[in-house]
Amino acid sequence: MSTRKQSSGFTLIELMVTVALVGVVAAFAIPSFTTMIANSRLVSTSNDIVGALNYARSEAVKAGRRVIVNPTDGASWANGISVWIDSNSNGSMQDSEELRRTSRAPGTVTITSSSNVAFTGGGLLPGGSVAVTIQVCDSRTGESGSEITVTLGGGIRSKDYTCG
């Protein structure tokens, strides 16, 4: 009498089918995942800006002095944002006046603004200024970004914006 051993494991065909199924699923998932990451970068950057603006306004009210929000390098908002109190009223930031700084925007996120933002000691925009609009987009045309508006009364609003 001969006894046969039961073999356990996977056959080569079963492994090949499994690898093929994983490849098909990955082919559908990766494009969605990159879109999700890009959207997350936009939301994160918008939240950082709104947070910096809210912080600047509260610091202006707390200190009773003018607090300014502008690009750290003086040119591009995507390279980081500085919040600083103009304690000597000269309109330019010294190292001792900086309150907070955000890091560079991730990936291909672009930030455009109609102007720098300054809050008076009462939390309002200075007299004679206009509402400030900041747009947060990335390199994808026609996708949703966000538009942040600072009103004359110091209110900060964020809404969806179609980037062009």
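View 1. Axes are lines fitted to C-alpha atoms, for helices over the stretch in contact, and angles run from 0 to 180 degrees between N-to-C directions. Helices (H or I, at least four residues) and strands (E, at least two) are DSSP runs, numbered from the N terminus. Residue numbers start from 1 along each chain as its sequence is written, and side-chain values use heavy atoms, with hydrogens and water left out. The model is predicted: local features need pLDDT of at least 70, side-chain atom pairs count only at pLDDT 80 or more, and totals for chains, interfaces and linings use all residues.

**View 2. An open sheet has the strand order 4-6-7-8.** Four strands form this sheet, and the pairing is antiparallel. Strand 4 (110–113) and strand 8 are the edge strands, each pairing on one side only. From one strand to the next, the twist averages 20 degrees. Two strands pair if DSSP finds at least two bridges between them. Strand 7 and strand 8 run antiparallel and are joined by seven bridges.

**View 3. Ser-146 sits in strand 7.** Ser-146 is part of strand 7 and stands opposite Asp-160 in strand 8. Is Ser-146 buried or exposed? At 8% relative accessibility, Ser-146 counts as buried. Buried means under 20% relative accessible area, exposed over 50%, and partly exposed in between (1.4 Å probe, protein chains only). Beyond residues up to four places away in sequence, Ser-146 touches Ser-46, Ile-134, Gln-135, Val-136, Ser-158, Lys-159, Asp-160 and Tyr-161. Contact means heavy atoms within 4.5 Å. Asn-47 lies 99 residues from Ser-146 along the chain. The C-alpha atoms of Ser-146 and Asn-47 are separated by 9.9 Å.

**View 4. Glu-147 and Lys-159 form a salt bridge.** Their closest N and O atoms are 3.6 Å apart. The pair links distant parts of the chain: Glu-147 belongs to strand 7 (residues 144–150) and Lys-159 to strand 8, twelve residues apart. A salt bridge is a side-chain nitrogen of Lys or Arg within 4 Å of a carboxyl oxygen of Asp or Glu. Glu-147 is buried at 12% relative accessibility. Lys-159 is exposed, with a relative accessible area of 51%. The structure holds five salt bridges.

**View 5. Asp-138, Arg-140 and Glu-143 are linked in a network of salt bridges.** Within it, Asp-138 bridges to Arg-140, with the closest N and O atoms 3.0 Å apart. Asp-138 counts as buried, at 11% relative accessibility.

**View 6. Lys-62 and Glu-59 pair within helix 1.** Their salt bridge brings the closest N and O atoms to 3.1 Å. The two residues are three apart in helix 1 (residues 12–63), about one helical turn. Lys-62 is exposed, with a relative accessible area of 64%. Glu-59 is buried, with a relative accessible area of 14%.

**View 7. One disulfide joins Cys-137 to Cys-163.** The structure holds one disulfide. Its S to S distance is 2.1 Å. The pair links distant parts of the chain, 26 residues apart: Cys-137 is in strand 6 (residues 132–137), and Cys-163 is in the segment after strand 8 (156–162). A disulfide is counted when a pair of cysteine sulfur atoms lies within 2.5 Å. The torsion about the S-S bond of Cys-137 and Cys-163 is about -90 degrees, so the disulfide is left-handed. Cys-137 and Cys-163 are both buried.

**View 8. A second open sheet has the strand order 3-2-1-5.** Four strands form it, with antiparallel pairing. Strand 3 (98–101) and strand 5 stand at the edges with a single partner strand each, so one side of each is left without a neighbour in the sheet. The twist averages 15 degrees from one strand to the next. Three bridges join strand 1 to strand 5, and these two run antiparallel. Val-67 stands opposite Phe-119 in strand 5.

**View 9. Leu-53 and Phe-119 have the most contacts inside the largest nonpolar core.** This core has 27 residues. Helix 1, strand 1 (67–71), strand 2 (81–85), strand 5 (117–119), strand 6 and strand 7 each supply at least two of its residues. The largest share, eight residues, comes from helix 1. A nonpolar core is a set of buried Ala, Val, Leu, Ile, Met, Phe, Trp, Tyr and Cys residues joined through side-chain atoms within 4.5 Å. Not counting residues up to four places away in sequence, Phe-119 touches residues including Leu-53, Ala-56, Val-67, Val-150 and Ile-156.
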